[in-house]
Amino acid sequence: KQEVDKLLITSEFPLIDPCNTLRIGSEMAGVKGKVTYSTSGYHFTLTEKPSVSYNARSVAPTVNDYNLKVMSFNAETLRQHAKILAALKEAKADIYAICEVEQGDFTVDYLCRSLNNALGEERYAWLNTPGQKSSKVQTNVFIYDKVKVLPYKEFKSYNFDNLKMRYIVQCFELKDDKAKVILAMNHFKAKTSGIDKNDGQGGSADRRVMEARECLKVYNELVAYYEDTDVLVLGDLNSYGMEDAIKVFTDAGDINLLKKYSPAACYRGEVGYLDHSLSSPTLTSQIVGAAPWDINASEPAYWGFKYTSYYREDPYRSSDHNPVITWVNLE
């Protein structure tokens, strides 16, 4: 529907901001022009330069009174290594949960070493699927501040059907007071694959529901193993907030933290989000806040993170997803 009804704006006047971008959320006043229609849709050609109020780029969001900061990030890695590293450095999270990592141990080791080099100390360590030395199969990983937290018991990964290394779980323990939380990082089946029932959920909706149910089953087993009921579900679930896969979690009592704290999130230049942070019932009261860091989704999709003409080694347009930051005051 959005693709059919979109309006293409043509301008001979410069509209970009000082950072050479024009982000979603920018507003124009005094707009005058001519509307035409062709097989490619509606076109609006500006005849006068409008007044533009820019949606400026922002620094990483923060809150008060937390003892654990987790950032989840869909960060496909090739040319944008430097941009991803810039985002990780600025966020200063205690734990990074990252999905869509390519080249296995090589990439996560590079990011971890680069973080430590920037800090001048061996502060961060990483967890990946055991034995995955190098692979082009996308995987999920954790990078954690070993001065602040330590893994509690063993790292767990599991496969669902033919999707490998896209579901990982680890319990982390705060070093100062031994409080624990179970982090589950997932990457669900994409909307661009499988059967599309034309119900607004894209392709493979039933598959994502099965993934969500399988995840809950695994979490219920791991709650006993890790000896804790506080579970934070993260990742690219390829589902918007009211889709069936997310309802599997919320019907089980989990809270959609972005819906609660940051309902106006976006993805890939459009309103809405596919990356989530959901808390189990016992964890919810310990959540201080959750928010996307809008370094990617509001950037023009036309300037893709791989090929942008204005490439810089900064966090902006490091992915097509915004990272999600969750703050917890673990007890």
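Both faces of strand β6 are covered: Leu 68, Val 70, Ser 72 and Asn 74 on one side, and Lys 69, Met 71 and Phe 73 on the other, are all buried. Buried here means under 20% relative accessible area, exposed means over 50%, and partly exposed lies in between, with a 1.4 Å probe and protein chains only. Seven of the seven residues of β6 are buried, so this strand is largely enclosed by the rest of the structure.

Before we go on, a word on what you are looking at. This is a predicted model, in which local features need pLDDT of at least 70 and side-chain atom pairs count only at pLDDT 80 or more, while totals for chains, interfaces and linings use all residues. Residues are numbered from 1 along each chain as its sequence is written, and side-chain values use heavy atoms, leaving out hydrogens and water.

Now for the overall view. The protein chain has seven helices and 19 strands; helices (H or I, at least four residues) and strands (E, at least two) are DSSP runs, numbered from the N terminus. Of the 331 residues in the chain, 53% are buried. Among contacts with a separation of 6 or more, 70% come from residues 24 or more positions apart, where contact means heavy atoms within 4.5 Å.

Two strands pair if DSSP finds at least two bridges between them.

On one side, β6 runs antiparallel to strand β19 (residues 324–328), joined by five bridges, and Lys 69 stands opposite Trp 327 in β19. With β7, β6 runs parallel, again through five bridges; here Ser 72 stands opposite Ala 97.

Eight of the 11 residues of α2 (residues 81–91) are buried, so the helix is largely enclosed by the rest of the structure. Those buried residues are His 81, Lys 83, Ile 84, Leu 85, Ala 86, Ala 87, Leu 88 and Ala 91. Just after the helix, Lys 92 takes a positive phi of about 55°.

Three strands form it as an open sheet in the order β1-β4-β3, with mixed pairing. β1 (7–10) and β3 (33–38) stand at the edges with a single partner strand each, so one side of each has no neighbour in the sheet. The twist averages 25° from one strand to the next. β1 runs parallel to strand β4 (residues 41–46), with four bridges between them, and Ile 9 stands opposite Phe 44. In the loop between β1 and β2 (27–29) you will find Pro 14, which is exposed, with a relative accessible area of 57%. The C-alpha atoms of Pro 14 and Lys 49 are separated by 8.0 Å, although these residues are 35 apart along the chain.

Next comes strand β17 (residues 275–279). Five of its five residues are buried, so β17 is largely enclosed by the rest of the structure. Asp 275, Ser 277 and Ser 279 face one side, while His 276 and Leu 278 face the other. Five bridges join β17 to β13, which run antiparallel, and Gly 235 stands opposite His 276. Strand β14 (residues 255–256) is also antiparallel to β17, through two bridges; Ile 255 has Ser 279 as its bridge partner.

The last stop is the second largest pocket, with a volume of about 150 Å³. On a 1 Å grid over the protein atoms alone, a pocket is an open set of points where a 1.4 Å probe fits, with protein on both sides within 12 Å along at least five of seven lines, and lining residues have an atom within 4 Å of a point. Grid points are joined across faces, edges and corners, and a volume is the space filled by probe spheres set on the points. Ser 279 is one of the lining residues, which also include Tyr 219, Val 233 and Asp 254. α4 gives the most to the lining, with four residues.

Definitions and conventions: Axes are lines fitted to C-alpha atoms, for helices over the stretch in contact, and angles run from 0 to 180 degrees between N-to-C directions.
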